Amino acid sequence: MKRIIAEMEKNLTEEKKEMLSCIYEPTEVAYPGGYAVDSFAVQRSGEIRYYFKNDCKNRSDDTGVRTYLSTNDCGLTWEKHYEKNPAAMGKCIYVPEMDIFIKLIDAAKLDPEKPTPKFKNGGSGIYALISKTGSDDTNYEVYKVCDDAAHILRHVIYSASSGLLIATGENVTDEIYYSIVFTSADGGKTWNKQYLKPLDVYPITYPDKDIRWQNHSCEPTIIKLTEDELMIIFRTSYNYHYKYMSYDGGKTWSDPMPTDFHATLTMPTIGRMTDGDIIFTWCNTQPLPEFEHKSAVPPVDETVLRGRWEDCFTNRDANHIAVSSDNGKTWQGFREMALNPLRNESDFRTRGGHRDCFDKSVHQCEIVELPMNKLLVAYGQSRCCLRIIMLDRDWIKETSRTEDFSCGLQNVSTQVYLKSIMGGFSGYSGHCALNRTHGAVMIPSPDMVKQDVLFISRIKDDRLISEVQGAVWNFPAGKKGVFTAEIMNKGKGVALSLTDRWFNPIDTYVREAAQISVNIDGSCIPYNKWCTVRVLWDCDEKTFSVYADDDKVCGGEIIGSCPNGLCYVHFQSLAEDVDSLGTYIRFMEKK
C-alpha cells in the first residue's frame, strides 16, 4: 500500500500538494450516488474510484448503469464515469502482501438481464474475483467460495503466519444474523467458511419499554493486530459493539465479547494505516429508549412487535472517528466526523424521494489512506446524506475544542421528534424514521449585544413525541479535562451532563446514564446574568467539581466507567411544563 500512496503523491502538482496540505478538519469533497459500503477501489496508479449504480430509468428498482466517481489528485477533484465494460472487475480490494486485487460477490445479485462472460446466467453462491491489475481487468480469475448467500462482503486481509486470505461477510438464517469468516490457504482458489457464534437476544432492558430489533452479529469489520492476533468488530442490538478474536492467524475464533465502543444497530469500520495507526469509525451514539410498539399509531408491522424489524432509528445522526497508535490498547479522538445535515428536517422521512431515502443517515463508512497524513472517508445513506470528506489525522488527535456559535448550530444537535409513522418500508419513501424539527434554537442575546446565542426552553406542542429541549456538543475525548460554558438562566434551568457518547437532545435518561450530571439553575447561578460554569473531571480518580464563576458549587464521584474518557456535553431543560424564559448559552470550551 505504501507504493500506491507514493503514486498518489506523484500524481499531484505542486499546487495540488499545497491544496492537500491545507485540509485539516473534515472537509466535503464529493457527493456520491450510492451507500458508503463496498464502494471504494484504489488502483495501482493512485487513482481512487467510488462505485455505485446511477441513472436508473425506473427509480423504484435497483437497476441502472454501473457508475463511478474517479479522482487522480487524492480526492481534490472528481469526475463521473460510466463503466465501459460490464464485465470489468469494478470495485475491488488491494491485498499488498499478495499483490493482488480481490473482491467477493454474491452472484445472485448480478443482473441476469446483463450477463457477463464470467457469469452467463447470474449464478448463485459467493465467488471470489482475483486480478493482478485492478478495476478495469476483464481477465480476472473466478473461484467459487461457497453455495450460501452472504452480504456486506467488504474486507479481505492476509495473515502470513497462517498463510490465509481472510474475508468477512454476514448472513441471516431463521431470522438469526451471523458473521461469517471465509478463509483460503491457496491464494483464493478454494475457500472454507465459518459461521461465528451470534449474540443472544437483547432483552427488554430499562429504560426500553419494548424489544429492540434483534439485528446483531453482523456487518463485521476485521483487522490484523499481529500476524497471529486478529480482531473482528461487529454490529449489535446491544449498547456496545462486540468483537471476535483469533490468536492463530484466523483459523479459529472466540465467542463474542464486548468492546468499549458504544453503538447500537450501526456499522463499524476499522483499518490499519501504513505507519501503524489504527483508524476506527462508528456511531458513538445511544438510541432513544424503545417505545411501546403496540401503542404506535398507525400500527407497526408484526415483525416489529417480534423484534425482527425496527420501529425507528434515532441514533444514526452522528458518525465518529478515533485513532490508536498503540495497536488498539488506547484510543484518541471520539470526534464527530459528521452530523446528519437532515437532522432537524420536518420531512426527514420522505426527503430525497422514493428510491434514495430508505435510510437517511450518516452511519456506514469506508476509509482510504492518502499521502501527507490525510484520510478520505465516505459515509452515509441516501443521496441527501452521502458525502466523501477529507481530513487530517492530527485533527482526530486534538485535545481541545471551542464553540462560540458563530456558525450557528452547525456543530450542535438540537432536534426534537414529531409523531410519525413508525416501522419499515411500507410501499413509499420513509423507512424507520421520525420527522423532526428544531428544539433549542439561536436567538438574539438577552443583554442587547448584537450576538446570537443558543436558547433552550420548553414549549407546548402536541405534535412532538417529547416537548423537552436539549443541545448536544462533542469534544475530543479526555480522561481529564475542564469543560467551560457561559450560561444565563432566566427560567427553570438546565441539566448539564458530561458523557462518553451521544444521547438524543430529548432523552431524559441521559441524566441517569451520564458519568456526570448536575442541575444548573437558580440554586447555583444567578438569574438574568451571564455566569461562567466550569466542570473539572478526572476519570482515573473518578471525581469531578463544578464551579460558578470562581465559587465551587458542587462535586462528587463519577458514575460508571469511562475507559476512553468523556467526549460530550448534553444540556437539557429542567422544566416539567412550559418554560418560555429558558436558559441561554453563548460559549463552550473543553480543554
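Here is what to select at each stop, and what you'll find there.

Before you click anything, remember that this is a predicted model. Colour the protein chain by pLDDT: the mean is 93, and 94% of the residues reach 70 or more. Now zoom in on residues 55–62, where pLDDT stays under 50. The model has 14 contacts beyond four places in sequence for this stretch.

Next, select Phe483, Leu496, Leu498, Trp537, Phe571 and Met588. These have the most contacts inside the largest nonpolar core, which has 35 residues. In soluble globular proteins, nonpolar side chains tend to be buried together.

Stay with Met588 for a moment. What is Met588 in contact with, leaving aside its neighbours within four places in sequence? Its partners include Arg401, Glu403, Val412, Trp473, Phe483 and Phe571. Then hop to a second, separate core of 33 residues by picking Phe40, Tyr50, Ile105 and Met390, which are among its members.

Last stop: a sheet. Show strands E18, E19, E21 and E22, which line up in that order as an open, antiparallel sheet. E18 (269–272) and E22 (332–339) are at the edges with a single partner strand each, so one side of each has no neighbour in the sheet. From one strand to the next, the twist averages 20°. Finally, look between E21 (residues 318–324) and E22: six bridges join this antiparallel pair. Click Asn319 and you'll find Ala338 of E22 standing opposite.

Key. Residues numbered from 1 in each chain as written. Predicted model: local features only at pLDDT ≥ 70, side-chain atom pairs only at ≥ 80, totals over all residues. Heavy atoms only, no water. Core = buried A, V, L, I, M, F, W, Y, C linked by side-chain atoms within 4.5 Å. Buried < 20%, exposed > 50% of the residue type's maximum accessible area, 1.4 Å probe, protein only. Contact = heavy atoms within 4.5 Å. Pairing = 2+ DSSP bridges. Helix = DSSP H or I, 4+ residues; strand = E, 2+ residues; numbered from the N terminus. Axes fitted to C-alpha atoms, helices over the stretch in contact; angles between N-to-C directions. pLDDT = per-residue confidence, 0-100.
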